[in-house]
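Have a look at the structure first.

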Amino acid sequence: MDRRRGDPVAVPAVLVLLAELHRPLEIDLGAGARMPLLDDVLALWRGRGIVNVELKPDDVDFGTLAAAAASVIARHPRTPVVVSSFSQALLACFEACAPRVPRGVLLGPSRYPFASLHLLTPERETRARAM
């Protein structure tokens, strides 16, 4: 975010590591500004559109990360969120913690053959439409 103008449209994409979900990052952004927490971003973006929270599967316990992310997202029920990840296993863990939060699998062209995907089942489509 441009701290001088408070411009919410200028909010950058933020990578949030598990350890930083509940505490400030030790990164100096200049002029006393700090890296925003997921809580900060969700509070700021309330009512302005959907926030895509990407969960990174790098060197973390999926259950712990999913539970922590679900906890933060639950504190902001008026901010629409979709959770995405390249890891279907991580998204499955997140679904167990927050089944009503929409999720999306991110695909890379060289890593995931489309022919083997069976992600959108009729049951999941019905649940998504009911939200």
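Leaving aside neighbours within four places in sequence, which residues is Leu55 in contact with? With contact meaning heavy atoms within 4.5 Å, the partners are Leu65, Ala69, Val83, Ser84, Ser85, Leu90 and Phe94.

A word on the basis: this is a predicted model, where local features need pLDDT of at least 70, side-chain atom pairs count only at pLDDT 80 or more, and totals for chains, interfaces and linings use all residues. Residues are numbered from 1 along each chain as its sequence is written, and side-chain values use heavy atoms, leaving out hydrogens and water.

Leu55 also belongs, with Val81, Val83 and Phe94, to the residues with the most contacts inside the largest nonpolar core, which has 19 residues. Such a core is a set of buried Ala, Val, Leu, Ile, Met, Phe, Trp, Tyr and Cys residues joined through side-chain atoms within 4.5 Å. Helix H2 (62-74) is among the elements that give two or more residues to this core, and H2 supplies the largest share, 6 residues. Helices (H or I, at least four residues) and strands (E, at least two) are DSSP runs, numbered from the N terminus.

The 3 strands form an open parallel sheet in the order S1-S2-S3; two strands pair if DSSP finds at least two bridges between them. S1 and S2 share 4 bridges, and Val51 has Val81 as its bridge partner in S2.

Finally, the cysteines: the structure holds 0 disulfides (cysteine sulfur pairs within 2.5 Å). Partly exposed lies between buried (under 20% relative accessible area) and exposed (over 50%), using a 1.4 Å probe and protein chains only.
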